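Have a look at the model first.

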Amino acid sequence: MTDSPTFKCTTGHVRLMRQAECRALPLWSAAFRGLAKDHRYHEVVDDTLGADFDCRVLVTHDAAGEPVALQPCFFVEQDLVATAPAFVRSAVARLRRVWPRLLRLRMLMIGCAAGEGPPSVVSDFSSLIETLPAIARSYGAALVVWKDVPSIHRPALAGLSAGFIRIASMPATRLALSYASFDDYLARALSHSMRKNLRRKFRALDAVPPLEMSVVTSVAGIVDEVHSLYLQVFARSALRFEKLTKEFLLELERRMPDRVRFFLWRQE
């Protein structure tokens with residue numbers, strides 16, 4: 001298998017490229033234009049999280065051989081017992097001393113390795129849909145997953161109805177704040193007992209040092225503290241996927257200063 005193999009389709013061919021090679025294409029700089037996570041974000045992910053993910057780009061070419069669309073993707077080995085009870089993970093860990101790939105599934109995932117990955121400049125997914133089974137087989141992937149695609153793209157992905165199943169992702173949450181003030185919210189939305197409970201908690205908060213929030217564009221001077229806190233949260237999570245690095249945070253602020261904000265809460 002070559003490093004940038006080509007897969008034929010009805011309209012031309014699809015080439016699976018390394019992202020570093022794809023960045024030279026004019027099409028790459030136009031990808032995700034207008035979105036918070038533009039092409040720079042995908043470059044940061046590839047450069048700083050590449051140890052965990054084999055990031056690639058699917059580039060669709062027309063019959064004349066010209067690149068007309070692209071879509072980031074990546075290969076990953078998913079641990080099928082990652083969310084299982086501890087005694088199951090322990091038993092499987094012992095078996096993996098003999099069979100290292102036991103209950104591990106190699107997957108081809110279409111989208112971004114870190115966070116939501118809306119389709120980029122792809123407008124017609126038929127070429128990708130046509131070639132994905134062959135691409136997956138060529139790289140030993142047993143499953144093809146379109147990762148975290150917003151619902152607005154469902155019409156374009158209608159061709160996935162054969163052979164694919166749509167599964168709800170983590171739900172987004174929206175809260176209507178149609179109140180004149182916080183006191184108005186307390187009076188109209190909460191019961192008497194809940195208001196009493198909140199007042200008791202507010203009095204308890206008055207007895208401790210206050211929380212202070214700041215919004216900054218750089219955490220370079222405190223990245224060790226920030227990442228340490230992140231790792232504590234990550235360690236407690238039952239479901240894990242990407243593990244962010246200090247380099248990821250630093251490169252985000254360096255390459256995307258116009259898009260990146262860090263919200264920091266401090267106590268003393």
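Which element gives the most to the lining of the largest pocket? That would be β6, with four residues. Keep in mind throughout that this is a predicted model.

## The largest pocket

The largest pocket has a volume of about 1,600 Å³. Its lining is made up of 41 residues, and those that lie nearest the centre are Val145, Trp146, Lys147, Asp148 and Ile167. Besides β6 (143-146), the elements that give two or more residues to this lining are β4, β5 (104-110) and α5 (126-138).

What sort of residues are they? Sorted by class, the lining of the largest pocket has 25 nonpolar residues, along with eight polar and eight charged ones.

## The second largest pocket

Next comes the second largest pocket, with a volume of about 670 Å³. Here 25 residues do the lining, and Val226, Leu249, Phe262, Phe263 and Leu264 are the closest to the centre. Two or more residues each come from α8 (223-236), α9 (246-255) and β8 (262-267).

Of these elements, β8 gives the most to the lining of the second largest pocket, with six residues. By class, that lining splits into 16 nonpolar, three polar and six charged residues.

The elements that give two or more residues to the lining are α3 (39-48), β3 (54-61) and β4 (67-79).

With three residues, β4 gives the most to the cavity lining. Seven of the lining residues are nonpolar, three are polar and one is charged.

## The cysteines

How many disulfides does the structure hold? The number is zero. Take Cys22: its closest cysteine sulfur is in Cys73, 10 Å away, so the two are too far apart for a bond. A disulfide would need the sulfur atoms within 2.5 Å. Cys22 is also buried, with a relative accessible area of 0%.

Cys73 is in no disulfide either, and the nearest cysteine sulfur to its own, that of Cys55, is 8.6 Å away. Is Cys73 buried or exposed? Cys73 counts as buried, because its relative accessibility is 2% and the cut-off for buried is under 20%.

Definitions and conventions. Residues numbered from 1 in each chain as written. Predicted model: local features only at pLDDT ≥ 70, side-chain atom pairs only at ≥ 80, totals over all residues. Heavy atoms only, no water. Buried < 20%, exposed > 50% of the residue type's maximum accessible area, 1.4 Å probe, protein only. Nonpolar A, V, L, I, M, F, W, Y, C, P; charged D, E, K, R; others polar. 1 Å grid on protein atoms, 1.4 Å probe; cavity = no way out; pocket = protein on both sides within 12 Å on 5 of 7 lines; lining within 4 Å. Points joined across faces, edges and corners; volume = space filled by probe spheres on them.
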